[in-house]
Amino acid sequence: MNFKKLTGKVITKDDFEYEESRQAWNRAIQKYPQAMVYCQNEENVMNALKFSKENKIPFRIRSGSHHYEGYSTGNDLLVIDVSHLNKIKLDEVNQIVTVEGGVRNRELYEAVCGAGYPFPGGGCPTVGVAGFTLGGGWGYSSRLYGLGCDSLIEAEVIDYKGDKLVANHQMNPDLYWALKGGGSGNFGVVTKLTYKLPEKMAMCTLVNIDYQRVSVEKVIEVASRYQQFFKDLDRRLNLKMAMYNSETKGQGVRLTGIFYGTKEEADALLNQFNDGTDYDLDYMSVLEANRAVQDSHPDFEKYRSGGRFIYRHYTEVELKEMLHLIEVRAEGSLYTAITFYGVGGAVSDVSPQESAYYYRDAIFILGFQSVWEESKYAPTNRQWVEERFKILSTYTEGSFINFPIAQQNYEKQYYGENLPRLKLVKAKYDPDNFFNFEQGIKW
């Protein structure tokens, strides 16, 4: 195939850079595309889509390379990579920021928080802002400022014909609705996003509370307290709680979060958790806090993971049953955890029908993962996670598309009662199902 017809930076199997370029952030994903084209402008994207259509070569869209199941890459196909589309324009007069489709969390935080604005972004520095937003977008600021998609006021999309569409409240409002939680890769290639910024907020308190090497009973006690703690919780605070089994830290439970207030206020709220191995409340700039959160993530990992929604509090018996699932790690696993991500607050201010993100009334998002290093343990860990994810599904509702996992009936799991409307949008804006992949919306 003559890949010279592509425009932008093209990397094929003959190029020295191929091995590094093909890698996903999840190193357990090992795929071998025919070529990767790094698009440097919208015309490169349009030409790549045209090339795919004319040559009948399947493609995937890639930005941050963070898809849990690796659906932003694949074997013997073309990867359309937009990570070089990374310009950021901050408009302080209108209090908006416009980013290109390849901008990642760290770059956006540096630009926006560096100017004194908080932003409801994600935790991992190299996650693409577009993919984060299109799946809804949970973060430590969600309870105060909403999901990432709730700040989105406009998007530009290259469609199946290679045309650029603008989606906002006035233009293509149905597409705009679908982009706010309808997932990546379903309707076109998003090349630009504009967000409304919150009021400036210079400082916050970073929260790290860790109970290392404790008993199951202690983990259950902390988890029960955590659940109750979220009742009528000040929305300036959000926490995630990881109940973990670690090779280095043993069995434990960790609370991590951000509070938009002083250290003294945070301590007054959180003092009931001041009985852990570590109890760290650090008052710092919003930019420094986000840098600290991002720096806690490794450059890459090998893992299997998935996410669900929690609509009720669990009894101590149920928590013990859940913890039993991670009592013994899979062979070769270094770390496994069942994590509760706090929602509510501003997230549930929006109705489930107002955007494609359906699970607005959940009180937590549940994440589940296993991490390993040696590739020979990948099959065992994948199966281990899959079996337990099915059990955890009986305690939860629906699946979080930003924590994707291969599963049956995935459309209904991701989109709930918003699925019929999403199928109509899909049929309208992609009638040939040109944008298709393993977990794409079908119509």
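What is the volume of the second largest pocket?

Reply: The second largest pocket has a volume of about 250 Å³. Its lining has 18 residues, and Glu20, Ser21, Gln23, Ser65 and Arg104 are the ones closest to its centre. A pocket here is an open set of points on a 1 Å grid over the protein atoms alone, where a 1.4 Å probe fits and protein lies on both sides within 12 Å along at least five of seven lines; lining residues have an atom within 4 Å of a point. Points join across faces, edges and corners, and the volume is the space filled by probe spheres set on them. By type, the lining splits into nine polar, six charged and three nonpolar residues (Asp, Glu, Lys and Arg are charged; Ala, Val, Leu, Ile, Met, Phe, Trp, Tyr, Cys and Pro are nonpolar; the others, Gly among them, are polar).

Before moving on, keep in mind that this is a predicted model, where local features need pLDDT of at least 70 and side-chain atom pairs count only at pLDDT 80 or more, while totals for chains, interfaces and linings use all residues. Residues are numbered from 1 along each chain as its sequence is written, and side-chain values use heavy atoms, with hydrogens and water left out.

Look for it in the loop between strand E14 (302-310) and helix H10 (316-324) (helices of at least four residues, H or I, and strands of at least two, E, are DSSP runs numbered from the N terminus). Tyr314 counts as buried because its relative accessibility is 4%; buried means under 20% relative accessible area, exposed over 50%, and partly exposed in between, with a 1.4 Å probe and protein chains only. Leaving out residues up to four places away in sequence, Tyr314 touches Gln227, Leu319, Met322, Phe340, Tyr395 and Thr396, where contact means heavy atoms within 4.5 Å. With Tyr395 there's a further detail: the Tyr314 side chain reaches that residue's backbone oxygen at 2.8 Å. Tyr314 also sits 7.7 Å from Ser224, C-alpha to C-alpha, though 90 residues separate the two in sequence.

Strand E14 itself holds Ser305, which is buried because its relative accessibility is 8%. The Ser305 side chain reaches the backbone oxygen of Phe368 at 2.8 Å. Beyond four places in sequence, Ser305 touches Tyr68, Phe368, Gln369, Pro404 and Ile405.

Another serine, Ser151, is in the loop between helix H5 (142-145) and strand E7 (152-158). At 9% relative accessibility, Ser151 is buried too, and its contacts beyond four places in sequence are Pro120, Tyr145, Thr194, Tyr195 and Lys196.

How about the backbone? Most residues other than glycine have a negative phi. Asn172 has a positive one, near 45 degrees, and lies in the loop between strand E8 (164-167) and helix H6 (173-179). Asn172 is partly exposed, at 24%. Asn409 has a positive phi as well, about 55 degrees, in the loop between strand E17 (397-399) and helix H12 (410-415).

Last, the cysteines. The whole structure has zero disulfides, meaning pairs of cysteine sulfur atoms within 2.5 Å. For Cys124, the closest cysteine sulfur is in Cys113, 16 Å away, so that's too far for a bond. Cys124 is buried at 9% relative accessibility, and Cys39 is buried at 0%.

Key:
A polar contact is a pair of N or O atoms within 3.5 Å; within protein, one must be able to donate a hydrogen and the other to accept it, and residues adjacent in sequence count only if both atoms are side-chain atoms.
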